[in-house]
Amino acid sequence: MNDQQLLRYARHILLDEFGIEGQERLHASRVLIVGAGGLGSPAALYLASAGVGHIVLADDDVVDLSNLQRQILHNTSRVGAAKAQSGKQTLHDINPEIRIDALVARLDGQALDEQVSLADLVLDCCDNFATRHAVNRSCVRYRKPLVSGAAIRFAGQVSVFDLRRADAPCYHCLFPEADDVEELRCATTGVLGPLVGIVGSMQAAEAIKVLAQMGEPMVGRMLCLDALAMQWQTIRFKRDPHCAVCAGREAR
Ligand SMILES: [Zn+2]
């Protein structure tokens, strides 16, 4: 690390649990962020600022004026631009020292598998169940740690599925895929702007902990926030031995 890098990351390096070693681990890491919207914005901003060496930002959508109330990667001049490209520009302005790939695509199938297999960690910052389950299946397949977040109206939730660990549940263990689940969308139900900031920032914090190998990530725990009461609830859950996605999975 050169002097400029030591200065840029000084407040992390000062932390005993983090140190130069943690910083170097971040620098050597490749992270896939699925979604450059409300959750992906703060998550990507903090991971780029922290010096994650390679960030892949995937989103097939374009910036809409109604996104700017909460999607802080983007700005008014980028309305109509691809979110992945707009996000890349913002991240590059903050930290030109890292590599940022913008994927203007809704990742699924082989393309998703390829990106997950190349990543050290995946952040699920998407807004629909089909993608959430596809990302989970791929993370199970390639044994990658998955940091999952969701937010709608005044409710947020965040958890870590560290699929390198044999005892760690997957997303499907907690939320089995079902056809009759009604999907709430921010576009129709609304969402409190800072709520996605809180949840996305927690995803970044958990990702940094996993990558720098410090602390105890939220594995087997989900934190649920009621932003109207501003109260957190912890839900503990275990691996489902009959899970259709991860049953039979062993430790790496
Ligand atoms: Zn499972």
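The largest nonpolar core has 65 residues. Those with the most contacts inside this core are Ile-33, Ala-44, Ile-55 and Leu-57. H10 gives the most to the core, with 10 residues. The model is a predicted one. As a general point, nonpolar side chains tend to be buried together in soluble globular proteins.

Gly-40 and Ala-44 lead on to helix H4, where both are among the buried residues. H4 spans residues 40-50 and is mostly covered. Nine of its 11 residues are buried. They are Gly-40, Ser-41, Pro-42, Ala-43, Ala-44, Leu-45, Leu-47, Ala-48 and Ala-50. After H4 comes Gly-51, with a positive phi near 90 degrees.

Now look at how the helices pack. Two packed helices are described by the angle between their axes and the distance between the axes. For H4 and helix H10 (residues 193-212), the angle is about 35 degrees and the axes are 7 Å apart. The crossing of H4 past H10 is right-handed. On the H4 side, the contact is made by Gly-40, Ser-41, Pro-42, Ala-43, Tyr-46, Leu-47 and Ala-50. H10 brings Gly-197, Gly-200, Ser-201, Gln-203, Ala-204, Ala-207 and Ile-208. By class, this contact of H4 with H10 has eight nonpolar and six polar residues, and no charged ones.

Gly-22, Arg-25 and Leu-26 of H3 meet Ile-208, Leu-211 and Ala-212 of H10. By class, the contact of H3 with H10 has four nonpolar residues, one polar and one charged. Ile-208 is named in this contact, and Ile-208 is also named in the contact of H10 with H4.

Next, turn to helix H7 (residues 129-142), which holds Asn-136. Is Asn-136 buried or exposed? Asn-136 counts as buried because it has 25 C-beta neighbours inside 10 Å, and the cut-off for buried is 20 or more. Leaving aside neighbours within four places in sequence, Asn-136 is in contact with Leu-146, Cys-170, Tyr-171, His-172 and Val-245. Asn-136 and Ile-33 are 103 residues apart in sequence, and 13 Å apart in space from C-alpha to C-alpha.

Two loop residues remain. Arg-143 sits in the loop between H7 and strand E5 (145-152). Its phi is near 55 degrees, a positive value in a residue other than glycine. Arg-143 counts as partly exposed because it has 18 C-beta neighbours inside 10 Å. Met-230 lies in the loop between strand E7 (221-226) and strand E8 (231-236). The phi of Met-230 is positive too, near 50 degrees, and this residue is likewise not a glycine. With 9 C-beta neighbours inside 10 Å, Met-230 counts as exposed.

Methods
Residues are numbered from 1 along each chain as its sequence is written. This is a predicted model: local features need pLDDT of at least 70, side-chain atom pairs count only at pLDDT 80 or more; totals for chains, interfaces and linings use all residues. Helices (H or I, at least four residues) and strands (E, at least two) are DSSP runs, numbered from the N terminus. A residue is buried if 20 or more other C-beta atoms lie within 10 Å of its own, exposed if 12 or fewer, and partly exposed in between; C-beta atoms are placed from the backbone. Two residues are in contact if their C-beta atoms, placed from the backbone, lie within 7 Å. Axes are lines fitted to C-alpha atoms, for helices over the stretch in contact, and angles run from 0 to 180 degrees between N-to-C directions. A crossing is left-handed if the near helix is turned anticlockwise from the far one by less than a right angle, and right-handed if clockwise. Ala, Val, Leu, Ile, Met, Phe, Trp, Tyr, Cys and Pro count as nonpolar, Asp, Glu, Lys and Arg as charged, and the others, Gly among them, as polar. A nonpolar core is a set of buried Ala, Val, Leu, Ile, Met, Phe, Trp, Tyr and Cys residues joined through C-beta atoms within 7 Å.
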